[in-house]
Amino acid sequence: MPKPMADTVKIDGVSNSSAHSRRHGLRKRISRNWELYLLIAPAFLYFLIFHYGPMYGIQIAFKNFMPARGITDSPWVGFDHFIRFFNSYYFWDLIRNTLTISLYQLIVGFPLPILLALAFNEIKNGWFKRTVQTVTYAPHFISVVVMAGIIVTFLSPSTGIIINIIEWLGFTAPAFLTDPAWFKTMYVLSGVWQSTGWGTIIYLAALSAVDPQLHEAAIMDGASRWRRIIHINIPTIIPTITILLILNVGSILGVGFEKILLLQNPLNMSSSDVIDTFVYRTGLLNVQYSFSTAVGLFNSVINAILLIAVNQIARKTTENSLW
Amino acid sequence: MAAVIKESKTDRMFLGFTYLFLAIALICVLYPLLYIVSASISSPTYVNSGEMWLLPKGITFEGYQRVFENQAIWRGYANTILYTVVGTLVNLLVTIPAAYALSRSDFVGRGFFMGMFLVTMFFGGGLIPTYLLVKELGLINSMWALILPGAASVWNIIVARTFFQSTIPKELQEAAHIDGCTNLRLFWKIVIPLSSPIIAVMALFYGVGHWNSYFNALVYLNDEAKYPLQMVLRQILVLQEMNSSGIGTATSGETAMAMNARADVAALLKYAVIIISTLPIIAIYPFLQRYFVQGVMIGSVKG
């Protein structure tokens, strides 16, 4: 990479080899580029207020928040809210639901885009490939509300098309929407339908980096398509796979709860309630600010620990990591 | 080269399976989409009984007519357009300048700013502290509660920064400086005109996000007149259906008859409303697919 002008100037300044002129150079660089601070100011203020501001508010997890006294003046209670959460009878249900839904989602949803991308990569650019890509990308743009609406409408016990098909085949349809046993499958499969196609894009980008000479050489040596996928294509995308896997595992306690919230009802609650929906309900609907902040904090701390741990393991074993 | 050597029998078989796999994927994704389109212009009797399974049957446009008559949907539509336009503008005004500043290697402090932004990707205050902050700022029940808390995304800033780093030649900036051009002038007169692809990509990503979002409205808005389209849809598509299948809570004032009547209207509306609410995105999507894909690709470059 060619050295940018500014660096060259700085190096010239440093060659006088006095700390004074180095500081002088730095000050010159800052003052000459002062307008760049103007450009970044809106983003800086935004993150400071709307991301670091709430981090300051986390302290209410250790306090009994009283709106009249504000965040700073509410009395400290230590770990009371956490202990109450750990001892509550729904604690293990919430943990189990959150973990099983995201593991289920990871196991079913993670490999499919990879398979689909490898398949796309095998066929020539033509109308068929373009059609399949355009169609499979499309559901990505459907909103969660419409998605939940589609699920509810298709699985409606009296009029849903899926129920009609199952009954037409001669089976009795389960009560998908109200039977806790079906909630997770319904949730995961609808997610697979919506996001598998879109998920291929990133792998296709990685696959486009494969050196065509590798394939030519392998063909000369008589390697079949299958062999070339195993020995050339897959190794090429392993770094991408690792990074995405780390990110996925790192958010394992953060299932996309907006769809769950829409599909939840009193009858399937025992298998649909996850930490995030619980935080929403107790916090905003039942106004237990401190308690639900504690639950949310527990969730983010576990996620952060998982992310760091998985990243560490990945760095040791595969030499690929986020940092 | 590749074409000279004839494909072996196993290779052709393998390719056959690949086509089959893709064809199955195509059908699985396409069928529900076609079904919704057909159902929206079919008579509800056929749809509900399962007689309409692919092509429209008993064609009627009553569902669409009901949508056009529905005041709440129109109001939601207008609100969503307003929130999407203003929100996306705010997003761009925050994201693009910040990304440009961060792309400059001679910007003292860029490591600090980048670090500060990145931390928020992995750790945040959570729902309640954010809610309390928005309340404290007096934004509850205003459009700004849907716009300001999501004014920028770290991911998009990184994507835009990567774009600037890889497409704006450093020589351009040096030449401009030598000619006495200030950084702001450089940004507005030279960088922005060269950056229409990334601005388009960002506008699309943010715009679709605003169009589809409902959760912030659910949390921060309590005046129904301000509800965006997705909140209206939630009422029609999700809550109604839950009520009509005997779960959820019926308010005591409502008689069973009134509820049934509402459920019937909802049944007629739902497919049409799905189409109409998704139409803007579906209509522009084929033309913009290239940009969307480009955006994801730029984002996938590690940086």
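Tutor: Start with burial: a residue is buried under 20% relative accessible area, exposed over 50%, and partly exposed in between (1.4 Å probe, protein chains only). The model is predicted: local features need pLDDT of at least 70, side-chain atom pairs count only at pLDDT 80 or more, and totals for chains, interfaces and linings use all residues. Residues are numbered from 1 along each chain as its sequence is written, chains are lettered from A and ligands numbered from 1 in the order in which they are written, and side-chain values use heavy atoms, leaving out hydrogens and water.

Now the packing. A nonpolar core is a set of buried Ala, Val, Leu, Ile, Met, Phe, Trp, Tyr and Cys residues joined through side-chain atoms within 4.5 Å. The largest one holds 181 residues, and A:Tyr203, B:Phe117 and B:Phe164 touch the most other members. Helix α14 (residues 256-300) of chain B gives this core its largest share, 14 residues. Helices are DSSP runs of H or I, at least four residues, and strands are E runs of at least two, numbered from the N terminus. Domain 1 (17-60) and domain 2 (61-296) of chain B each supply at least three residues to this core; those bounds come from an automatic or database domain assignment.

Contact means heavy atoms within 4.5 Å. Beyond its neighbours within four places in sequence, B:Phe117 contacts A:Ile40, A:Ala43, A:Phe44 and A:Phe47, along with B:Leu102, B:Val154 and B:Ile157.

UniProt, in an unreviewed entry, lists residues 112-132 of chain B among its "transmembrane region" spans. Such annotations may be inferred rather than shown by experiment; positions use the numbering here and feature names are shortened. That span is 81% helix and 0% strand, with end C-alpha atoms 28 Å apart.

Next, the backbone. Most residues other than glycine have a negative phi. B:Asn141 has a positive phi of about 65°. It sits in the loop between α6 (127-136) and α7 (144-147) of chain B, and counts as buried at 19%. A:Val287 has a phi near 50° but is partly exposed at 48%.

pLDDT is the predictor's confidence in each residue, from 0 to 100. Chain A averages 87. Its helix α1 (residues 5-14) is lowest, at a mean of 41. Residues 1-16 of chain A stay under 50. Where pLDDT is low, coordinates should not be read in detail.
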